[in-house]
Amino acid sequence: MTWDIVSDSSCDLRMASFESGRVRFETVPLRLQVGEREFLDNDDLVVPDLLDAMNQEKSASSTACPSPAAFARAFEAGDCTVCFTISSNLSGTYNAAVMGREMVLEEHPEKKICVIDSKSTAGAMVLLIRKAKELMEADETGDFEGICDQLRLYQAALRTCFTLENFDNLIKNGRMRPLVGTLLHSLGIHVIADATPHGTIHVADKARGEVKTYKAITALMKSSKDCTGAEVVISHCENMAGALKLKQQILEDLPVKSVDVLPCRGLTSFYAMEKGLIVGY
Ligand code: X90
């Protein structure tokens, strides 16, 4: 019996950085359309090339979820598969995965496939993938349903918040309501947003200056749940320096267990844009 984890590419974890003797990991890429150019968000995508293309392009850019067939191909590979997707309130990816599951089960009713809506993206999905890997590697009885139940509970306990220099792509593509006050950015004010329990985006706070922004993020994290022993994953869009400062602030302010930093892949780079920081915990 083989264990598989499938995720869409918004998870920010690259296939090449996953290691396990027992569990296979595959990401199904979203597509990023920048003017006439299409970028497939696979391990080969070079984020600075994507950002350059976005900076040069005047016409509208957009993204598209994977097809059900792309998920079906990924699901056919394993006996027991858990799949995580970006919030179904932000993307059609979850629906595509559910349809891909149905396609595979028609042909192979013996396969076990569970699709979980992360109600988030990025770091929260990394944490779900990590937990799934741990549970699968430790499994001795083939308790697929038990593992899925634990992952659903873990999903519900995870939180996400983020701060971006630029919310244009989220707003232009209808993933977020326009911000009030367009002068915010020029005044050095940073907007801090978080994921609602339904997986939609909510503007939570504003802060002026870098230090105050990071402190406001840790205050938001503290008020959102008890962070004792929490694992935190920061993904950054070409902003390692900011990610490391935020990590330091989190370690100073909160009793978390760990803070990992990783670069955004294509989809989250497209929306977070340069300097964006996304925190899953
Ligand atoms: O189907 C598609 O084309 C994909 C659409 C994705 C839209 C939004 C991605 C935002 C990623 C900001 C972090 C947001 C975390 C909040 C989760 C509720 C970058």
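A residue is called buried here when its relative accessible area is under 20%. The structure described is a predicted model.

**Helix α2 and its cover**

By that criterion, helix α2, which spans residues 68–76, has Ala70, Phe71, Ala72, Ala74 and Phe75 buried. The elements that cover these buried residues include strands β1 (3–8), β2 (23–28), β6 (80–85) and β7 (112–117), together with helix α3.

Helix α3 runs over residues 93–107 and contains Leu105. When residues up to four places away in sequence are not counted, Leu105 touches Lys111 and Ile113. Trp3 lies 102 residues from Leu105 along the chain, and the C-alpha atoms of the two are separated by 16 Å.

The contact between them takes 23 residues from domain 1 and 22 residues from domain 2.

**Helix α7 and Thr213**

Helix α7 comprises residues 210–224, and Thr213 is found in it. Is Thr213 buried or exposed? Thr213 is buried, because its relative accessible area is 2%, and the limit for a buried residue is under 20%. Leaving aside neighbours within four places in sequence, the residues in contact with Thr213 are Thr163, His190, Ile192 and Ala207.

**Packing of α7 against α8**

Two packed helices are described by the angle between their axes and the distance between the axes. For α7 and helix α8 (residues 240–253), the axes come within 9 Å and cross at roughly 50 degrees. Helix α7 is therefore oblique to α8. The crossing of these two helices, α7 and α8, is right-handed.

On the α7 side, the contact is made by Glu210, Tyr214, Lys215, Ile217, Thr218 and Met221. On the α8 side, Gly242, Lys245, Leu246, Gln249, Ile250 and Asp253 take part. Classified by residue type, the contact of α7 with α8 has 5 nonpolar, 3 polar and 4 charged residues.

Notes:
Residues are numbered from 1 along each chain as its sequence is written. This is a predicted model: local features need pLDDT of at least 70, side-chain atom pairs count only at pLDDT 80 or more; totals for chains, interfaces and linings use all residues. Side-chain values use heavy atoms; hydrogens and water are left out. Helices (H or I, at least four residues) and strands (E, at least two) are DSSP runs, numbered from the N terminus. Buried means under 20% relative accessible area, exposed over 50%, partly exposed in between (1.4 Å probe, protein chains only). Contact means heavy atoms within 4.5 Å. Axes are lines fitted to C-alpha atoms, for helices over the stretch in contact, and angles run from 0 to 180 degrees between N-to-C directions. Angles under 35 degrees count as roughly parallel, over 145 as roughly antiparallel, 65 to 115 as roughly perpendicular and the rest as oblique. A crossing is left-handed if the near helix is turned anticlockwise from the far one by less than a right angle, and right-handed if clockwise. Ala, Val, Leu, Ile, Met, Phe, Trp, Tyr, Cys and Pro count as nonpolar, Asp, Glu, Lys and Arg as charged, and the others, Gly among them, as polar.
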